[in-house]
Amino acid sequence: MRRYIYIICVWLLLACSNQGDRLRDSLLGGGRGTVPVIQVDRLPEIYPDYIGVTIPVDIAPLNFNFADDTIDGMEVMIRGSKGGEIHANGDWADFDIDDWHELTAQNQGGKLLFSVCVEKEGKWQQYKDFEVYVSQDRLDEWGLTYRRIKPGYEVGGDIGIYQRDLNSFDEYAILTETAVPGRCFNCHTANRTNPSRLTLQMRGEGGGTMIQRDGRQTWVETKTDSTKAAGSYSYWHPDGDYVAMAVNSVHQSFFTGTGQRIEVYHKFSNVEVLDTRTNELILSPLLQTDDLEIFPAFSADGQSIYYSTSKPCRVPAEYEKVKCSLCRIGFDAKTGRFGETVDTLLNGPATDRSYVLARPSYDGRWLMYCVSSRGNFPVSQNDADLWLMDLKTGESRELKEVNSAQSESYHNWNGNSRWFVFSSKRDDGMYTKLYLASIDEKGRVSKPFLLPQRHPRKYYGELMDAYNCPDFTKTRVSFDAHEAYRQVFDNRRVRVRIKNKE
Amino acid sequence: MRMVVAKYGTWGLSVLLGIGIFLFWYVGYPHALSYQEQYQLFLWTGDYFWERVSVPGGLADWLGEFVVQFYYVEWLGALLLAMLYVALQRLCVVRRFYLLSFLPPLFLLWLMGDPSVLLSLPVAIVLSLAVFRLMWHVPVSADLLAVPVLYWLLGPAVWLYVVLRIVQWGWKHLWTAGWMLAVQLMAYAFILPQWPLQTVLAGAGYYRIPLHFPSLSGFDKEMYELIRQDYLVRNERWDNIVKRAGEVQVKTPFWSNCVNLALAEKRLLADRMFDFYQSGEDALIMPRTRDLTSMLPSAEAFWRLGMVNSAQRYMFDTQESILNGRKSGRCTKRIAECMIVNGHYQTAAKQIDLLKKSLFYRAWAEEAESMLGNEVKINSHPVYGRMRKLRYQENFLYSYEEIDKMFGLLFMANQENRMALDYFMGQMLLKGDMQGFQQYMGWVQQYGGYRQMPLGYQDAMQCIRVQSNVSGSPYAGYVRRMMGRRSAE
């Protein structure tokens with residue numbers, strides 16, 4: 001009896017394998033195929049929508065599901081314009097990582113042609129082929145860092161800062177709620193993707209600012225008698241010695257309607273710079289005004305700081321009046337002094353818009369920022385979109401290639417400024433996900449692609465977290481969460497001083 | 001006593017223990033079972049299992065949650081608990097000291113009076129004892145392998161096993177204790193970078209609040225009264241709440257919220273609100289509080305009033321306040337309902353997919369799934385369709401400081417929303433806004449649906465008009481006190 005079962009199993013395996021081969025032949029168009037395939041004259045509907053996207057060499061495989069989850073199976077064949085082919089079949093397109101990397105490397109600067117065949121109710125259908133472009137520009141960063149948080153209201157819950165290997169699907173925790181129970185932490189920031197300089201903030205009881213230089217953590221209390229709160233929304237100076245921060249008080253109010261859920265606002269906000277060598281705060285009267293200065297970012301050469309500013313309003317009642325202008329102020333890293341004048345690059349009140357979260361590219365060519373109808377916290381604004389300013393000409397344009405009807409925000413550049421990552425709520429309006437897109441030397445931006453996962457529909461369908469604060473990381477982040485626990489619960493903080501305070 | 005034991009056998013007493021434990025939970029503390037059940041959502045998936053067993057103590061945790069899901073059916077939950085207690089007692093039997101075997105279950109019962117003690121602790125203890133029995137004839141050298149494996153599956157409760165093995169085999173085998181400690185320290189150093197040492201040593205799954213330990217205070221009467229009120233609210237047993245409120249009073253906003261909601265549901269708020277303790281301006285709705293219990297009655301009141309977004313917010317924040325990071329079946333279900341009412345079908349589907357993987361929420365989830373995107377079905381649903389009519393029709397920012405106005409606007413959005421009217425009038429009284437109360441009495445007359453003006457309101461009005469008390473009227477008494485306070489200000 002056992003023998004017969006064995007024979008039947010082997011026969012079934014061979015039969016399946018043979019059918020796969022024959023189907024593969026059909027897809028290749030070699031004329032050897034014998035499985036009847038119905039041609040469908042439209043592109044396949046896949047999740048995530050990777051049709052026509054541009055990817056870097058060595059990115060994790062663009063696995064995808066067929067949108068219709070009632071299919072019996074699918075066959076996908078990828079052929080490179082410069083040679084090579086790979087194949088996947090099963091419930092979803094799950095490519096071998098090594099084969100995929102080999103294929104993308106072989107086709108750098110070329111394109112990949114995807115042929116998708118789907119079996120449903122015993123019939124195979126082949127859809128129109130689609131292309132994915134492999135950029136000439138490399139993305140050499142090891143991966144991404146981001147925070148995952150429940151898209152809730154005022155309770156953070158099970159927060160975690162993670163890092164993700166972009167070459168594979170592996171994710172590693174940097175700091176999670178289990179390491180520092182009951183604490184809220186945010187705004188992890190590396191210096192131009194280099195994690196040898198790292199900062200993050202912890203709010204509430206036992207709060208503080210963590211500065212990690214070359215693996216050594218220092219927890220500082222950035223609130224002083226001269227500043228209203230601890231620093232947040234940090235950004236490193238290219239030299240790696242200074243950190244620009246906003247000092248603010250963030251609040252939320254909640255809508256009664258069915259559209260936008262939350263309005264986030266700040267009751268005050270100023271910008272300051274921390275010298276991490278001396279733990280001195282550098283203040284400027286131009287950035288310590290009654291206006292709300294927020295989201296500082298050093299320019300690529302480190303000689304100026306971009307930030308946003310809005311007039312004080314009676315929030316939350318006047319939440320619609322919060323309109324941020326995008327400004328720039330000089331900074332001299334040698335003397336640690338701010339400039340004497342402020343340039344207004346984009347005037348919020350004059351244009352009835354709000355310009356926030358300026359992020360200059362590291363090559364000094366572009367400035368990416370968020371534009372929304374109001375407010376200074378774009379991720380909560382449904383109409384927040386990404387815009388791009390050409391720093392050579394000062395001209396701006398909306399990045400229609402990447403924007404959607406929902407919020408786009410939290411953008412950051414990779415080291416060679418050819419790629420950027422941003423968060424978007426386009427899928428469901430609530431659970432923010434990460435997208436990557438490329439930009440060439442002329443400012444042409446590609447269609448963005450959702451951060452790949454091994455089984456995208458299962459992963460994103462079951463994920464109850466929203467992503468925020470994504471950034472590229474040059475190497476894997478080394479962070480001692482045990483040490484962070486000791487520092488947080490010992491509550492010993494290095495107190496900062498105000499520089500040149502008389 | 002020895003004669004009794006000899007006569008009826010040791011099993012007889014064990015069965016009696018089981019019956020006692022069953023009755024204790026099923027008759028005495030069903031609300032405690034409901035409380036435990038609502039702070040987890042056990043999923044029947046391989047991923048859920050592997051996620052649990054990927055950390056030390058994970059198997060005990062998974063088994064504990066497996067049992068707790070059956071608390072949804074109270075008698076079944078009580079029965080499983082009784083079996084667990086009996087198992088513990090039987091494992092503690094030592095022939096010469098039979099009656100001492102009842103002490104551990106009784107101690108455990110007392111320990112579980114702290115509602116943050118999770119069932120994974122007794123499960124881990126029972127399994128540690130069971131393994132000790134199984135390993136009775138196995139040489140102690142096997143502990144080189146057994147200790148790390150058991151630590152990973154059951155957590156630090158395995159110390160119990162280690163100690164018993166040392167007692168069994170003699171002090172020269174004290175090295176097993178050193179080995180257990182070494183295993184924990186190695187796990188801390190190499191495998192658990194996100195776990196503080198205290199968590200590694202004491203376990204992550206035994207207690208709901210990380211880095212804390214059981215209070216050893218037994219069953220606190222007032223705390224369990226509040227848990228009972230919430231349980232009654234969850235099960236919409238409004239008559240029981242009002243009846244119980246007349247017998248036991250706990251002077252907290254939570255208690256006031258529960259009682260007032262029950263009164264409103266019975267349309268007795270206008271008449272009897274001040275027959276019961278009122279905590280102050282937070283007696284109808286509590287402000288946001290960062291814990292896993294306080295906001296529940298307010299969330300339930302929001303939902304029934306038609307303040308759908310606020311109900312969703314309070315439920316969401318309640319769920320995120322579960323400090324061991326678990327989901328809540330109760331909260332997830334209500335969040336999904338709010339999303340359905342708001343037409344947020346994609347996010348509702350996410351919650352529903354989760355509930356479909358559970359045992360007791362699956363049927364509801366499948367029914368809810370059939371509604372997604374089906375406007376006709378939702379609009380004709382007795383609850384969701386009604387919510388759509390009751391909810392705010394305009395978009396503006398919620399303000400707790402102006403909660404009376406929020407109720408007023410809600411009523412104006414739909415004048416059939418009598419509960420909103422009752423809450424509106426009640427909140428003005430709580431706030432001491434007698435002018436507003438007088439001003440809007442016309443609404444009560446016109447829209448309140450009362451055959452005659454509620455006695456409470458009549459007393460309050462009389463008190464306001466004549467500026468003196470109405471004897472025997474708690475309503476008027478409260479109004480009088482508030483007027484006195486106002487004039488003093």
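# Exercises on a predicted two-chain model

In strand β20 of chain A, A:I282 is the bridge partner of A:V273. The exercises start from this pair of residues.

This is a predicted model, in which local features need pLDDT of at least 70, side-chain atom pairs count only at pLDDT 80 or more, and totals for chains, interfaces and linings use all residues. Residues are numbered from 1 along each chain as its sequence is written, chains are lettered from A and ligands numbered from 1 in the order in which they are written, and side-chain values use heavy atoms, with hydrogens and water left out.

## Exercise 1: strand β19 of chain A

Task: Find the strands that pair with β19(A), and decide whether β19(A) is enclosed or open.

Solution. 
1. Helices (H or I, at least four residues) and strands (E, at least two) are DSSP runs, numbered from the N terminus. Two strands pair if DSSP finds at least two bridges between them.
2. Strand β18 (residues 242-254) of chain A pairs with β19(A) in the antiparallel sense, over twelve bridges. Within β19(A), A:E263 is the residue opposite A:S253.
3. Strand β20 (residues 280-282) of chain A also pairs with β19(A) in the antiparallel sense, here over three bridges.
4. Four residues separate β19(A) and β20(A), which form a hairpin, and A:N279 in the turn has a positive phi of about 55°.
5. Buried means under 20% relative accessible area, exposed over 50%, and partly exposed in between (1.4 Å probe, protein chains only). Strand β19 (residues 262-275) of chain A has 14 residues and twelve of them are buried, so the strand is largely enclosed by the rest of the structure.

## Exercise 2: backbone exceptions in chain A

Task: Locate two cis peptide bonds and two residues with a positive phi.

Solution. 
1. Most residues other than glycine have a negative phi, and most peptide bonds are trans.
2. A:Y47 and A:P48 are joined by a cis peptide bond with omega about -5°. A:P48 is in the loop between β2 (46-47) and β3 (54-55) of chain A.
3. The bond from A:V315 to A:P316 is cis too, with omega near 10°. A:P316 is in the loop between β22 (304-310) and β23 (325-332) of chain A.
4. A:D58 has a positive phi, near 75°, and lies in the loop between β3 and β4 (65-66) of chain A. Its relative accessibility is 24%, so A:D58 counts as partly exposed.
5. A:E121 has a positive phi of about 50° and sits in the loop between β7 (111-120) and β8 (123-126) of chain A. With 70% relative accessibility, A:E121 counts as exposed.

## Exercise 3: chain B

Task: Describe chain B, then check the span of helix α17(B).

Solution. 
1. Chain B has 28 helices and zero strands. Its C-alpha trace spans about 85 × 55 × 45 Å along the principal axes, and 55% of its 489 residues count as buried.
2. The expected span of a helix is 1.5 Å times one less than its number of residues. For the 13 residues of helix α17 (residues 308-320) of chain B this should be 18 Å, and the end C-alpha atoms are 18 Å apart, which agrees.
3. As for cover, 13 of the 13 residues of α17(B) are buried.
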